[in-house]
Amino acid sequence: MAKPVSRILVINDEHLVLREFVKGLNAAARSLDNPLGIGFSGVTTAKEALAAIESDGDIQAVLVDDTLYTLGKNSGSRRLQVSALELVQRITRFRPELSVYILIAQQKEDDVVDALFTESVDGYFYREERDYRGIYRILNAQIQERARTPFTDQLKNYVWMAKDQWHTPGHSSGESLRGSPWVNDFYEFMGEHVFDADLSVSVPMLDSLMDPKGVIAEAQHMAAQAFGARRTFFATNGTSTANKVIFQTLLAPGEKLLLDRNCHKSVHHGVVLSGAHPIYLDSALNRKYGLYGPVPKKTVLEAIRKHPDAEALILTSCTYDGLRYDLKPIIEAAHVKNIKVIIDEAWYGFARFHPEFRPTALEAGADYATQSTHKVLSAFSQASMIHVNDPDFREHLFRENFNMHTSTSPQYGLIASLDVARKQAVMEGYKLLSRTLALAKELRAQINSTGVFRSLELEDLLPEELRHDGIRLDPTKVTVDISGCGYTVDDLQKVLFERFNIQTEKSTFNTLTLLLTIGTTRSKVSRLYDALMRVAREKRAPRRLVRTPEIPAFTRLRYLPRDAFYCGGELVPVFDDKERVNKALARRVGADQIVPYPPGIPVLVPGQLITRDIAEYLASLLRSQKRMEIHGVVYEGYQPCVRVLRVEEEKSLRPLG
Ligand SMILES: Cc1ncc(COP(=O)(O)O)c(C=O)c1O
């Protein structure tokens, strides 16, 4: 296993002093215990310091001398200078995860500490003391502290203690499988530690996810610090559950929620569970590629103005295709009306760790951010985080709702993986994301060089009405126009899978989206390029690609989704006896959420008025050759049906105004 390398940058404008410091500190690192491979290097100007921090992903800490620094020259050839305070601000804005220490002169102590009070400075040293061993010990301890994984360490300790288990889970460290003629193969396949580490709340030293006071509390606290939150909670049932927990905390039945209609289906389920009154905002559609983008800023601001009584607003940023909102003005407008802002960052959990992706939702002022750590960082599937910055956070209520949705037997491997994902993001996130960005750039160029496939840039992806909304693209989500390759998207995906062993992320009728993460390697990029190049060289005549029909516009919400959902309802077939669209469906009210995949936007939510357009749309999807998942459609024998409210049930419900 490779040993870590940790560099600490000393910044001091006096060459001789700098040399002495770097030499003294490196000597201390050599002669003392140094498990993190700490080494010191020095620069004399702010420009060099900023360049080093940008280019060297192994830098873990900076030691800044309190003086004026040269930044460069302005247009009139005058030297530009910055104070240590400004330099610290620039550094922490660029890489907030770094530890920052200041070297000060004794006589200036009070002024410096006052000036830097609000900055994220971890400590001070007197320059004159030249206590290199003391400085090294403190810096080493600080970096080790950041690299700790309190829950995972304790889990490992417990496993190595090899206690006899008289508690759940029933497999008892895998003993029930080990050596079995029937299931030992599963034990061998998964590996012994998967079973050893699968423990339960019966082990007090591993804390409790439902009432954390020990190592889980500590791990969550470290995650909050890393992601810039006041509080962080580990969720072991994905962002799907995280969204529901927040809704149930913020919204009482009947209270208004502003939401993108294109939000993930867990958001729509959260509406049913919380009893909220949803106000749907239509996201923009890029018709050329069948991509549903963010909601236009004008639409969001208008909704905030029209519904100042809303309790909360939820948006997805970035979207599955990597489009990210300019969140600050939207959040500010919501806050003026006391509307809490939740941002679903399921696809953006890494953003804090590279300036290319910032500001994060929390940095832009969001009250809540939910992140599928498992989607884009190194956590196991289902492991997510809920970050809270709400100044009015009602912890008791949140805890009740969190516990309502959390199993009393959470998978401890998931919790450990969140702890480790946080550590990795803090210690090497910047470095790995820099590599991912470089690979994304290379891949985009390679795709374009095939002459057949084309990687889409922001201008291609943005629907017209979003042109002036300050939307940006996360370059690690690469959407490829496949319309020139001579295959349908399904056939191309099949070819990539069967001939080239490549599984892609998602598609529309003429695009494929590839997801690059910190786990993407150069070899993987090369193999994909090779596959696309070979397909391109087949020079197949372009096929006519069949557009997925556009989702009909939202109709009207007659009743609260929760009220409609809990009605027994009745099933009405989508087709009549003659296989025509069933006229009886129009003007009824749906009781279920009906969601075709792709694009995953609900055509119907419970309580919504069904129109002929909607019935025809559903019928067209059901008739289509292309096999498509349509969640919410019920089959009675071969008959696809929709659950709708009975007439007498409608009479018993209070219609929405
Ligand atoms: C925008 C969005 N939010 C939430 C989720 C749910 O996340 P999880 O899979 O962590 O439950 C998804 C999953 O695809 C998603 O795309």
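A: Helix α7 (residues 184–190) gives the largest share of the nonpolar patch, 3 residues. Helices here are DSSP runs (H or I, at least four residues), numbered from the N terminus. The model is predicted: local features need pLDDT of at least 70, side-chain atom pairs count only at pLDDT 80 or more, and totals for chains, interfaces and linings use all residues. Residues are numbered from 1 along each chain as its sequence is written, and side-chain values use heavy atoms, without hydrogens and water.

The patch covers about 680 Å² and is made by W182, V183, F186, F189, M190 and V194. Its members have over 30% relative accessible area and no salt bridge, with nonpolar side chains joined within 5 Å. A salt bridge would be a side-chain nitrogen of Lys or Arg within 4 Å of a carboxyl oxygen of Asp or Glu. F186 lies in helix α7. It counts as partly exposed because its relative accessibility is 42%, between the cut-offs for buried (under 20%) and exposed (over 50%).

Now the ligand. Residues around it, with a heavy atom within 4 Å, include G238, T239, H264 and W347. Polar contacts are N or O pairs within 3.5 Å. The S240 side chain places an N or O atom 2.5 Å from a ligand oxygen. For D344, the distance to a ligand nitrogen is 2.6 Å. A polar side-chain atom of H374 is 2.7 Å from a ligand oxygen. The protein covers 82% of the ligand's own 390 Å² of accessible area (Shrake-Rupley, 1.4 Å probe). Helix α10 gives the most to the shell, 3 residues.

Notes
Patch = residues over 30% accessible without salt bridge, like charges linked within 9 Å, V, L, I, M, F, W, Y side chains within 5 Å. Helix = DSSP H or I, 4+ residues; strand = E, 2+ residues; numbered from the N terminus. Buried < 20%, exposed > 50% of the residue type's maximum accessible area, 1.4 Å probe, protein only. Polar contact = N/O pair within 3.5 Å; in protein donor to acceptor, adjacent residues only side chain to side chain.
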